[in-house]
Amino acid sequence: MSCEKVQKLISPLLDRRLAGREREIVLAHLASCGACVQRLQALENLRSNLRRLPSPGMPAHLVHKLRVLASHERARQMTRSSWATWFGHWADRLELTFNNLMRPLALPFAGGLLSAVVVFCLIFVPSFGTAGPLGVDPAIELVTTPVDGTVEGAPGETPGEILRGPALSCDKTIVELDIDESGNVRDWNMLLGQMNEEVKNLIIYSHFIPATYFGRPVPGKVIVALHDGRDART
Amino acid sequence: MATSILDLGLDRAAEIVAEGDDLRLVQALRGGTEEAYEELLARFQQPVYTLALRLLEDQSEAGDVVQEVFLKVFRNIGSFRAQSTLKTWIYRITVNEAHNARRWRFRHKRREVELDPAAEDGRSFEDVVADRAQSPFEAVFDRERRALLDVALERLNPIFREAVVLRDIMDLSYEEIAKTLNVSMGTVKSRILRGREALREQLAGDLERASALQLLPEDGRVSL
């Protein structure tokens, strides 16, 4: 066998792919041919060097990616196993998508709602924040009517005694009073009943809170009904 | 007459055991058990990465190929018919994916210029730090030998490289290589022979010189 043919068979010989007669012929040739032995040694050396090449270490991130990939694919496979899991999977996906959409809005929404509540409380609930004076701000009532306040009483009498005093002689008396800016009775007009001293005293010594127009006291009228020594405004 | 497993050759017996393991693993994968997925990765992720890296000589491309391979394995495990071993099937997917990646690179990356040539060095942290099992001289020699082989493999025709890598690095039999590459046995023999010859010619004397260097200290004097 020629050297050229033997050298083509060296590779299978190294891999133990030669058998029988062919193998014997090649071995016999190698025993007598230095050039072919040198080729055998070179190939053997090459092969052993290739086998000794270290196995390259896998990058850690690749190992991690493969694990994630396996996990995803397993989950995907499981979702296809039955309709129930398929629906469950899509329900989870929808819920996740909804949550992802809503989550960025949650903080602004909560902040806005809280701010609205705080502002509402500050403005409309009197006991919140500045309590007291703001709650009875007369300026808010732009136009008011006269209101009776105190009855000062006639000279020599304790203020208020007229109202608590003995019953009036008449059963019912209705008087229209004209109140000036300072709250005093400026004029009157009897609508029902008779004018007598008791009624006159009561009218003269009564003091009213005058009517107001945009906060300023102005003259006004008030109708007073007197029953048995007590009055009832209208 | 029934044949006992003891009557078979060691290779054939190992093959039968592997086939049994494969069937069990494939069934478990089809059932979707977590352990099966873990076992598949534990058994094949390193060999697949090694094969992809040896075929492509590029870490990032090899990483992409590995992910593609396992994606295809996970998605197509249902269509695995056990006409070959699981290893052969997975290696065939790897070779095909590496082939696709190489073709894509040839089309798209030819005009790209590497901005950081140092990154091509490929030396990881483990390569740089001192290895207590080797002397510095041995480490340098090993690195030199590896670099020579890497360059030679890279220059090799991809068709022959596939055959040589599968045979000499991945340690597949001729039959497995034939199934992996989907070619005949004669083609496998021919490709291995031509691949080895091409490597031998490229490395002509380099590995032998390196071996001789191993015996010499750095100053060139032989110490007795």
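With which residue does Arg51(A) form a salt bridge? The partner is Asp171(B), and the closest N and O atoms of the pair are 3.6 Å apart. A salt bridge here is a side-chain nitrogen of Lys or Arg within 4 Å of a carboxyl oxygen of Asp or Glu.

This is a predicted model, in which local features need pLDDT of at least 70 and side-chain atom pairs count only at pLDDT 80 or more, while totals for chains, interfaces and linings use all residues. Residues are numbered from 1 along each chain as its sequence is written, chains are lettered from A and ligands numbered from 1 in the order in which they are written, and side-chain values use heavy atoms, with hydrogens and water left out.

The size of an interface is often given as the accessible area lost when the parts come together. Chain A and chain B bury about 3700 Å² between them, 59% of it on carbon and sulfur atoms; this buried area is the accessible area (1.4 Å probe) lost on putting the two parts together, summed over both. Of the area that chain A buries against chain B, 16% is supplied by Arg17(A), Leu50(A) and Leu53(A), more than by any other three residues. To the contact (heavy atoms within 4.5 Å), chain A gives 35 residues and chain B gives 43 residues.

Side chains of opposite charge can pair when their charged atoms come close. The structure holds 21 salt bridges over all chains. Arg75(B) and Glu73(A) form one of them, at 3.0 Å from N to O. This pair crosses between chains, from helix H3 (residues 59-76) of chain B to helix H4 of chain A. Across the interface of chain A and chain B, the rule finds seven salt bridges.

On the side of chain A that touches chain B, helix H1 (3-14), helix H3 (34-51) and helix H4 (60-79) each supply at least two residues. Helices are DSSP runs (H or I, at least four residues), numbered from the N terminus. H4(A) provides the largest share, twelve residues.

H1(A) packs against helix H9 (residues 185-202) of chain B at an angle of about 105°, with the axes 9 Å apart. Axes are lines fitted to C-alpha atoms over the stretch in contact, and angles run from 0 to 180 degrees between N-to-C directions. H1(A) is therefore roughly perpendicular to H9(B), a term that covers 65 to 115 degrees. Gln7(A), Lys8(A) and Ser11(A) of H1(A) meet Ile192(B), Leu193(B), Arg196(B) and Glu197(B) of H9(B) in this contact.

How values were computed
Angles under 35 degrees count as roughly parallel, over 145 as roughly antiparallel, 65 to 115 as roughly perpendicular and the rest as oblique.
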